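Subject: Structure handover

Hello,

Here is the structure I said I would pass on. My notes on it follow below.

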Amino acid sequence: MSHPDYRMNLRPLGTPRGVSTVAGPHDIGASPGDKKSKNKSTRGKKKSIFETYMFKEDVSEGLKRGTLIQGVLRINPKKFHEAFIPSPDGDRDIFIDGVVARNRALNGDLVVVKLLPEEQWKVVKPENNDKETEAAYESDIPEELCGHHLLQQSLKSYNDSPDVIIEAQFDGSDSEDGHGITQNVLVDGVKKLSVCVSEKGREDGDAPVTRDETTCISQDTRALPEKSLQRSAKVVYILEKKHSRAATGFLKLLADKNSELFKKYALFSPSDHRVPRIYVPLKDCPQDFVARPKDYANTLFICRIVDWKEDCSFALGQLAKSLGQAGEIEPETEGILTEYGVDFSDFSSEVLECLPQGLPWTIPPEEFNKRRDLRKDCIFTIDPSTARDLDDALSCKPLADGNFEVGVHIADVSYFVPEGSDLDKVAAERATSVYLVQKVVPMLPRLLCEELCSLNPMSDKLTFSVIWTLTPEGKILDEWFGRTIICSCTKLSYEHAQSMIESPTEKIPAKELPPISPEHSSEEVHQANADKDGAAHLQASHSPSAEDPEAQPSTEERPPETRPSRAVYWKQTVEEQATQLQI
């Protein structure tokens, strides 16, 4: 046995993972316009697929008492019936088995869960790959669990389509994409299992499983080693919907052309199978979609979930936008950004008005009284040659006593972003710049990143600096943090810095160097880079897209990595600390 888990499934065929066995499969897959139950006692009523969320007051009380647990939901992208939240005690993650147990929560949501009874916990293999240990463990696994595993293994190769698998969990009424065939295979396999359930319980999906019927399975589970059990739970409340509720995917017509649903809705299939399928009103679809659905077979759309009711297997949504042809980089990129809630829209006029309007901007005289003036020091930037947003600079000079003064200077963005301003709010919402293969989505307007705060050479700039006094061995003797004004003398590339390290006595021809401020010489810049013997390995953290907006993805091999100076390594290791102190 090589499968990582062995679980006994007592639910009737067609019942979703985590759903009570009281509910029969004929009501699973409820959707707008559900069929009425054939049972007269329930005629006109829809049976819930998902549990009703607990009241907020009960959730708060449960969290205080420790009967409920909260955590961020993580759904396995490859086995999306598996989900987890971190255990509060730092132990093995808590397991959430199936779509229904997730109770309409999506990946990244902050959820509250309730632990299931121990007999329903997941049975897992030991992490030790030793064959003797595995054999000994498997000898303790009840025969019923082994049989269930073999059934799952035999079905695995039958149909690997994620859509088929996920809908087979909770949609017994729709045979679209072969679901009906899959369920027939399941029926045949389940009949072969030796399970302690009465014949009536097997055949009648509405018959509840009593305590007596589950006794032998519960005992077998409890007999397993404690480390073989993983606590399992179900979602009872969503504290915060972190997922954007947006997805990219494809549109198709419903299979049953005679149903009422066909006249009102299309089916949206997300590319990310952790997101449910979505019913989309036909009025949101292209006008000729119903007449010519094949024309849109390869068109990517963005859809947003607006509701997901307890009695609906699929969510309800609104079609937001047609992106273009699948496989093309721009539609795919826009889809990814939208799914992850990245704001890539242009900055509003209200935001841009927060920045200085008159260019070129000069530092106000009062700032010189508040800051340490370092404009005469030999300070330079080291970045990719195409970089436009030069946000940090370095300095390194020998002292008379044989020690060195090393500085890292970070652009003082906070000066231009008043707290509570429109610019501050949008920056807080974006939180970071997003670097993609062929483009960058900036956190702040380009005027700020590439002009006002970029430490361009031979231009006075506001900075926040960290300055150390170091011994030749790198021991810190003194340190200083504070607001400063600098004037970078040149813009070096990683290749320039590496050349100076590898050949400290060899002068680089002036024509190969960028312009250098008249106040400083190329020898001074060279010495500042070469003063430190050796170099620290450092991969360039800038994406080519950040430097060249017109760059496109390429299959060409990247050039060998360079090894910038140790000062660059120090710069990056303290950059976060310096920025935090600045804030």
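The largest nonpolar core has 31 residues, of which Leu251, Phe268, Tyr279, Cys285, Phe289 and Leu319 touch the most other members. A nonpolar core here is a set of buried Ala, Val, Leu, Ile, Met, Phe, Trp, Tyr and Cys residues joined through side-chain atoms within 4.5 Å. Buried means under 20% relative accessible area, exposed over 50%, and partly exposed in between (1.4 Å probe, protein chains only). At least two residues of this core come from each of helix H2 (99-102), E9, helix H9 (260-264), E10, E11, E12 and E13. E10 gives the most, with 4 residues. Domain 1 (56-123) and domain 2 (244-340) each contribute at least three residues to this core; the domain bounds come from an automatic or database domain assignment.

This is a predicted model, in which local features need pLDDT of at least 70 and side-chain atom pairs count only at pLDDT 80 or more, while totals for chains, interfaces and linings use all residues. Residues are numbered from 1 along each chain as its sequence is written, and side-chain values use heavy atoms, with hydrogens and water left out.

Helices (H or I, at least four residues) and strands (E, at least two) are DSSP runs numbered from the N terminus, and two strands pair if DSSP finds at least two bridges between them.

Five strands form a closed barrel in the order E9-E10-E11-E13-E12, with mixed pairing. On average, neighbouring strands of this sheet are turned by 50 degrees against each other, direction ignored. Helix H10 (residues 329-339) packs on the sheet and touches strand E9 (246-252), E12 and strand E13 (315-325). The direction of H10 makes about 150 degrees with that of E13; axes are lines fitted to C-alpha atoms, for helices over the stretch in contact, and angles run from 0 to 180 degrees between N-to-C directions. Strand E10 (residues 265-270) runs antiparallel to E11, joined by 4 bridges, and leucine 267 stands opposite tyrosine 279 in E11.

Asparagine 298 lies in the loop between strand E11 (278-281) and strand E12 (299-307). Asparagine 298 counts as partly exposed because its relative accessibility is 40%. Its contacts (heavy atoms within 4.5 Å) are Phe250, Gly324, Gln325 and Ala326, not counting residues up to four places away in sequence.

There is also an open sheet of 3 strands, E2-E3-E4, with antiparallel pairing. Strand E2 (74-75) and strand E4 (94-97) stand at the edges with a single partner strand each, so one side of each has no neighbour in the sheet.

Regards
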